[in-house]
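Visitor: I'm new to looking at protein models. Could you walk me through this one?

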Amino acid sequence: MTRKIHDLADAVVRRQLGRRDFIRRAGQMGIGAGAALYALNHAQSIAMAQNFDWQSHSGTSIKLLLNQHPYADAMIANLETFKAMTGIDVTYDVFPEDVYFDKVTAELSSGSTEYDVFMTGAYQTWQYGPAGWLVDLNEFIQDSAHTGPEYDWEDILPSLRASTAWSGVPGEALGGDGAKQWAIPWGFELNSIAYNRRVFDEHGLEPPTDMAELMETAAKITRDVDGMYGIGVRGSRSWATIHPGFLSGYSNFGERDFTMENGQLMAAMNTEGSKAFHRDWVQMIKESGPRDWSTYTWYQVGTDLGAGASGMIYDADILGYFMNGEGNAEAGNLAYAAFAPNPEAEAPTPNVWIWSLGMSNFSQRKDAGWLFMQWASSTDHALFGAREMDFVNPVRQSVWDDEAFQNRIAESYPGYLEQYQASAPGSRIYFTPQPLFFNLTTEWASSMQQMVGDQIPVDEGLDQLAESVNRQLRQAGL
Amino acid sequence: MATEAMTGAATNGAKRPLMRKVLPYLLSLPALLVCIGILIPFGTAAWYSMQRYNLAFPMTRGFIWFDNYIMLFQDPSFWHTVRVSLLYTFFTVGVQLLLGLGIALLLQRRTLFNNIMSILLLLPLMIAPAIASLMWRLMTNPNFGVLSYIVGLFGFTDFRWASAPSTALFTVVMIDTWVYTPFMMVLLLAGLRALPRQPFEAAELDGVPQSFVFFRITLPMLTPYIITAALFRMLESIQQFDIIYAMTQGGPGNTLMVFQVTAYLERYQYTNVGRSAAILMVLWVITFILSNIFIKQWLRLREKARGVA
Amino acid sequence: MTYLSLTAVSKRFKDDVVLDKASLAIDRGETVVVFGPSGCGKTVLLRLIAGINEPDEGRIHIAGNEVTFLEPEQRNIGMAFQNFALYPHMTAFDNIASPLKARGMKGTEIARRVEEVGELLKIGHVLHHLPKALSNGQKQRTSLGRALAANPRLLLLDDPLRNVDAKLRYEMRIELPRVLKAFQTTVIYVTQDYKEAMALGDRVAVLMGGGFKQIDHPSEIYKDPDSLDVARLFGDPTVNVVDGRIADGAVELLGLRFPLPGHLDPGPCRVALRPESIEVTLDETAAGSMPVDVGDEGRHGLAVELDAVTPLNVRAVMLLKTADGKELLATCSEDEATRLPRGHKNVTAHIRAADLLFFDQAGARLRPRPN
Amino acid sequence: MQRQTSLGRVVRVGLLTMVGLFFLFPIFWVFLMSFQTNQEILRIPPSLFFEPTLHNYQVLFSGRLETQTGTLEVRFMQNLMNSVILATSSVALSLVLGIPAAYAFARFKFRLGEDIAFTLLSFRFAPPLLVLLPLAIYFQQLGLINTYTGLIWVYQLITLPLILWIVRGYFEDISEDIEHAYRIDGNGWFKTFWKIAIPLAKPGIAAATLLSFIFAWNNFVFALILASADKQPVTVGALAFVTASGIQYGQIAASIVLSVTPTLALALYAQRYLVEGLSLGAVKG
């Protein structure tokens, strides 16, 4: 019987057998889940250790700083595997998202040695990197002494690899020459439309295909459907208001946040095209957005969709994914659609948010930390997360190609995969990297709040915004 | 403990015992020492405020004297912050003072009901503002919010609470009032109940009208309490962070960008340590001046009260 | 045999000089009443002796040992406060037991002693009450009991009868000497009631203007004050003061001439006469403003107008007005008062020459030297 | 004191009802929410009628929250414990430091006394963020980061000035002669302080303890910046119910109910002292 379970585990290692199936079959053989998992870990360790010395830092202990997020949950669920494979002990602190980045900033800026590896977004690395708080991971990725042959860095979607690498020169393209790999992409979200199919069907609505339709459909829902408003988008006084649906649509019209003039960054929010898009966006919120839009972050946007308070959202695709699950009034009623607001655009241009893993420059166990990052962003773990947990959207092409994953998504979230496939090619970070990112996007959001609140006309507001942004760029010496 | 040392030191009655002179210092020193530890970071922060110091630009760090302050003073949004903070403080302290005084007067008599009521009214104070605000956001949500529903019954079907510029200040002042009026109430209630009875009994015998009694006897005698309560509330109000940050993060627009919210964003989101420190130093100076005025008044009144007694 | 001595003790609070080189010596077993107007520093004096405050200058000795800066708990004294200062969170029993406990006495002995003191002070039935349940009189007795319980070598009583009602005050005035005798302790008693001072003190020390103006037996102080101020402090109604002039072995005042019993330097002086030294007779013939000389038994008659008669307990106080408008107070028994006419009447005031007290212009006593 | 006319009575009852509604209705509503599922809470329009469930409390006590995105580990009980540890120790330390100092300021006139008192109070003026900037770095160097000790120290900023101010006022209201009498009885300074001054100041101490406990309990930002996840109080912990699959309002409501319980118990216990204890030495009756 011991023999049998080991064969079974090897099958998992060779990816001939899913983990869940493995546990089920082990159960049929009368082996408890604990013992089975142990066998599995053992098999995996042996398999990976054949080509690479995973045990090189056995006995070390590292600590992670994690955001409370399904990705972290998926990793924690699989963490025993890593511990067994490497002999490294891993502890972790999970903080709620509301305060997570403040906590990260506080830790890094005080030079804390507490945490070795932490979750971060790509935008944050534009601050953390130049501040000297992050390790350039190229030195690990490119070094075979540190990175096993199975890691397959190239398998990670190229746009994501590029989006987490930057030279540190304001305005210089992400992933360009001399770019430092400040973080490893882990999971990501792109922005598209999720809608309440039940309501759409009842009222004979179709998912919108351009901005005019979006506004029209949203207005119709607000007018016709009792107790429901048309379109959920974020609106809080924060950078987070700019980066999802808004910037995706904005970019679809070819608008930019900054331009380079004579080697200087210049605000580009007050072009005619930008003003036109802003006018539409503001009008849409006023007509058919949430009434308390200016306090909306992703969770209000999501909650409203799940509870049937909004007809659709233009936000992160996985938000619609999560809201389709049980515990929500509209569970099972949601559908997804890729969205290109510009009728002349060839394809959607979703801005992306990338949950990534970064390494603290103050870490005293960097090598062990890298082993963890390597494992956590490995195909093995990504497959486990994608098949059995909510580790979506995966960053590896091989995982998107995995049939088990595809079947699972197609089954429970019809349309999600199609939405992804339509959105993915044009998806990347559309912001211009620069260290005043949070400062200036927050001001952008604040400015938009004033427009929606009728404190200032759109055009005038954008001119003022551009002026203020330029002034701050000069003050910072950019 | 200290007793042994003292008696031992003073057996010679012809010598002034050192202990008597030293004792008050010995008693107050531990508290002071513990707090002095906090003074060191305070000094460091003051030092930061005179530097160009943005964590994301480590290369540009340098000492720039008062440039951070000068930049602030030239920035209209900073003066907006000053204005909003003072307005917020004025409204919260004012409303809570009136409301707290009113409730204290209602609960003045020492009955079991009044005592229980005064404890129950403390409940809002016991819920951390940071969490309470989550609940307020839900309750003022236009779809699911019970408060939106209730004001809707009165015809305000489109009341937008914290999300509209025109009502945002009202909303956060209301929440602040909900949280902190109990604090005001309990201090003033204590004051009311500690007032000597004779003047009131005399006034009642003479048939003096109640309004006269209130303005000419109750209020003046209550002033020291009012000052103390207002002082503590003022200190917290002008430094308000939890409620505003949780409700609107300073929005909509710049409507509620008070000192600490501005400084927090500068520090933890924009990593601009120098500017953040400068903003907070200005806040500190304002707080210091206001408290000094309050405390001077309080000491003066206390001296007066003691002189009479 | 001096038991407690204060030598040139000074105390000031900021710019306010309360005691200025005050000296006092008290014998063992003696009861000395410190008497003076309110605010004269009586309480401060007690607090210096008790060790609550320390003097700026001067020395304090008890039984020959210097205690100037000794802590209160090391002085073995008892003190009763004007406001009683009972421990509100302890029963009367525990209040009285407190000094005994502090001296390490055993529980059973404490109980016996407290019962004893309670019986003596007639509060045995309320010993288990908290102070707030006691009447003012009972509080006062508890406070006294606490001060006495440990048989202190020195007992300080700070106006203990001030805050009790009149009836109690009279009772205690009679009872206190008995209690104090029972304890045979040295007592300093502070009061601003001259009758209390007269009734309780073996000696009275008059404290005024930062120092002791006179220390003497009560009757002596009354009869033979050292200064006009002291004379004014004692007596109810207070002493009459008139201007006089000394010349040729006699003193002239109110238009009368009194031979002096001894020699005094000639010149202006002030003369004090006690109300009881003036006797009033109905003497119609003396109508008019001329002084009448009624013989040589030392009484001089003066024609005055009787303006008012006010009964005061068993005596009556009379307000007299001389021809030139000077007002005098005199007393007589109530019986006599009933015989006096109502309304403005002309009567004769007889002044007992032997009772005249002479002072210089500054108020210092002038004592005639034997010829 | 005031004569009660029947009209006055009606007005009084009316006013009290309005006050009660304003201050207690939100709490009542939160209490109801703690027995509802998220779906019931998020109804349009909100409703008073629901099927009560203990699920929210079960989640808090068991520490496991099943969501469609998997099982979340809920550390609420640990957070609650941290709050208890932090608030209790901070207040206890403040009492140990503050009561003697308050006594010194109330009883002795000494050189610099008022200045020291003012300095201590002025810690209340310092904006917490101002101190937090560099404090994190110093704590890092001193090894106080992520420790209860460090947090309790910083919490003194909240608790100490309040205790000092209130207790000082109360000491000033106690007749000094009572203490003098006790010393003359033959007791040393310390025993007098312990047996007379402190017992008599009990109402003041109780009131100050309660208020400073509440303010320490409600603090949010100190622990967040200065400590790791295992030392976070409920104020930070409750944010964990903002999850990827929506805000778990029911559990937030339940955590509010649970987190209020210790403070409310303390308040009810100290009820009779609370109001009497805040006389602040301002008026001598």
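Visitor: How many helices and strands does chain D have?
Guide: This is a predicted model, where local features need pLDDT of at least 70, side-chain atom pairs count only at pLDDT 80 or more, and totals for chains, interfaces and linings use all residues. Residues are numbered from 1 along each chain as its sequence is written, while chains are lettered from A and ligands numbered from 1 in the order in which they are written. Helices (H or I, at least four residues) and strands (E, at least two) are DSSP runs numbered from the N terminus. For chain D, that comes to 14 helices and 4 strands.

Visitor: What share of chain D counts as buried?
Guide: A residue is buried if 20 or more other C-beta atoms, placed from the backbone, lie within 10 Å of its own, exposed if 12 or fewer, and partly exposed in between. Chain D has 285 residues, and the buried share is 60%.

Visitor: Which helix gives the largest share of the side of domain 1 that touches domain 2 in chain D?
Guide: Two residues are in contact if their C-beta atoms, placed from the backbone, lie within 7 Å. Here the contact takes 18 residues from domain 1 of chain D and 16 residues from domain 2 of chain D. On the domain 1 side, helix H1 (6-33), H2 and H3 of chain D give two or more residues each. The largest share, 5 residues, comes from H3(D).

Visitor: Which element of chain C gives the most to the side that touches chain D?
Guide: In this contact, 16 residues of chain C meet 15 residues of chain D. Strand S6 (77-80) and helix H2 (92-102) of chain C each supply at least two residues of that side of chain C. The most, 3 residues, comes from H2(C).

Visitor: Is C:Ala85 buried or exposed?
Guide: You'll find C:Ala85 in the loop between S6 and H2 of chain C. Its phi is positive, about 50°, although it is not a glycine. Most residues other than glycine have a negative phi. With 24 C-beta neighbours inside 10 Å, C:Ala85 counts as buried.

Visitor: And C:Gln184, buried or exposed?
Guide: C:Gln184 sits in the loop between helix H5 (166-183) and strand S8 (186-191) of chain C. It also isn't a glycine, yet has a positive phi of about 50°. Because 9 other C-beta atoms lie within 10 Å, C:Gln184 is exposed.

Visitor: Which residue does a cis peptide bond join to A:Val392?
Guide: Most peptide bonds are trans. This cis bond has an omega of about -5° and joins A:Val392 to a residue in the loop between helix H17 (379-388) and helix H18 (397-400) of chain A. That residue is A:Asn393.

Visitor: How do H21(A) and H22(A) run relative to each other, roughly parallel or antiparallel?
Guide: The axes of helix H21 (residues 437-452) and helix H22 (residues 458-475) of chain A come within 10 Å and cross at roughly 160°. Axes are lines fitted to C-alpha atoms, for helices over the stretch in contact, and angles run from 0 to 180 degrees between N-to-C directions. Angles under 35 degrees count as roughly parallel, over 145 as roughly antiparallel, 65 to 115 as roughly perpendicular and the rest as oblique. So H21(A) and H22(A) are roughly antiparallel.
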